[in-house]
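Please read the points alongside the sequence.

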Amino acid sequence: MKNFLSILVAIPVLFSCSEKKEPAEQIIIGKIWTANQAQPWAQAMAIRGDSIIAVGNRDEVLKWKGDKTDVTQYDSNQLIVPGFIDAHTHFVEAGFTLSSVQLRDAKSKEEFIKRISDFAKTIKPGTWITGGIWDHENWGGELPDRNWIDAVTPNNPVWISRLDGHMSLANSAALKAANINDNVKSIDGGTIVRDKKGRVTGVLKDNAKDLVDKVVPNESEEAEDRALQAAMIYAAAQDVTSAHSMYGYNSTFERAHRANKMITRIYADRMLSDWKELKTKIDTEGHGDKWLKIGGLKAFVDGALGSHTAAFFKPFSDSPNDSGFFITPKEKLYQWTKSADSAGLQVMIHAIGDKAINTLLNIFEKVEKENGTKDTRFRIEHLQHIQPTDIPRLAQLNVIASMQPYHAIDDGRWAEKVIGHERCKTTYAFRSLIDAKAKVVFGSDWPVAPATPLEGIYAAVTRRTLDDKNPEGWFPEQKISVEQALRAYTIDAAYSSFDEKIKGSLEKSKLADFVVLNKNIFNIAPEKIREVSVLNTVVGGRVVFEKK
Ligand SMILES: [Zn+2]
């Protein structure tokens, strides 16, 4: 009996001794914002392997220093924060757009045409031109037409997307490949844009895009792998250490993971309609690991504001007979959500217009009641134009608001024209949602918007529209603090994929994922946040980006 007791006592003592004896591999000294509410600020952090072993004041942490410990000291006006988690990306697609024609900042019709013309000269005849990421609001809102580009792309089918991904432009060669002529029938949940004479212009919205999507040749595996690598390198340079990829390219991620090529941690979601396949996969292989995790499912209620395809209770202010539409019937969304939730999977659904958001909240409420699930963490992606009465429901139902602040300063240029003043008051309602205790998490929707968390923080904190016409902020009452924006990109974003125990804050035993900024964003004028740059991005203790 005596021996038994002494063993019990000895074990914890031995354990803590041996832990202390093995020194840190790295010690980081600097101004650290941890995202841990119990200890928001620290002076140093010790790392062994891919994890943090101590965070706190300098002297305490230096006790972990051994002969071989690397000690890095950062300047006191620089800032170390947890690695940013981009909670909404189309990661591999974004990788592809990095190497395609760049139209996001084409400011006029002429520039749009010229860039496509220049790009077409650099590729082989017959090769499809995809990506693009154009924005017709840049030249006043006139939709492009295939006759703008047919003459400059005689040898290449063109199928380029608006930045929101909800409409694309085909040239005549692409329409021909898809067998679309002026007699094509309309499509449920989509729009085929025609001119006054009934001629198909080449712009197809939402479900109508499938007509061309299905004839675009698949990219080779090698091309996918290259796109993923390009996306990870870009993300690392923007201080993104984890990203949620909304759907598709699951095998691309798996290949990179098997080849040990991951430098961004990925939560790879699938389409909600495929929930059974995901369930089977998880039953046999589990949820993955710290680099590549599965378990999330994505669907759509409606389209997007800029394409007039988001679903509203009342018509658009600039087109009084139109109030948008649902892409997926709500009965289907309900059935899939209920089944997926019963199977223990996480459901995240795109909803932009007030009617789409309201419908989705009703579905989530019903499923939670019927399934009796406790920790569902249902997510609404975008949640752009919520009606005021629905704001408290997010916290009540524990539904996560997964939002993209950059969209606010982008759409803020023209949203009032489309939905009027009143509905804009609760557009990108960051402040109202946080005040109502909703969990708000941030992402970019890359390639819809650039994957730049610092620009996202700038957007959430200033709400200065991209045209600089709202220096005090567009609906400034919805501005939030730097700390709130940081939480939405770190610890709360980790919560939104059930990962808050392993990442999202700089705490003992969590992953050593962090970034170093050249300025302390808590101390500078909010409008300067956009100019802050990233010095280092570290994932699992390893530097994946270093500013030269
Ligand atoms: Zn998206």
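1. A cavity is taken, on a 1 Å grid over the protein atoms alone, as a set of points where a 1.4 Å probe fits but cannot get out, and lining residues have an atom within 4 Å of a point. The second largest cavity is lined by Tyr 406, Gly 443, Ser 444, Pro 450, Thr 452, Glu 455, Gly 456 and Tyr 489.

2. The model is predicted: local features need pLDDT of at least 70, side-chain atom pairs count only at pLDDT 80 or more, and totals for chains, interfaces and linings use all residues. Residues are numbered from 1 along each chain as its sequence is written, and side-chain values use heavy atoms, with hydrogens and water left out.

3. His 88 (NE2), His 90 (NE2) and Asp 445 (OD) coordinate the zinc ion at 2.1 Å; donors are N, O and S atoms within 2.8 Å of the metal (3.2 Å for Na, K and Ca), and sites may look incomplete since water is not among the atoms. The donor spacing in sequence is H-x1-H-x354-D.

4. His 90 and Asp 445 are both buried (under 20% relative accessible area, 1.4 Å probe, protein chains only).

5. The structure holds two cavities of 30 Å³ or more.

Note on methods
Buried < 20%, exposed > 50% of the residue type's maximum accessible area, 1.4 Å probe, protein only. 1 Å grid on protein atoms, 1.4 Å probe; cavity = no way out; pocket = protein on both sides within 12 Å on 5 of 7 lines; lining within 4 Å. Points joined across faces, edges and corners; volume = space filled by probe spheres on them.
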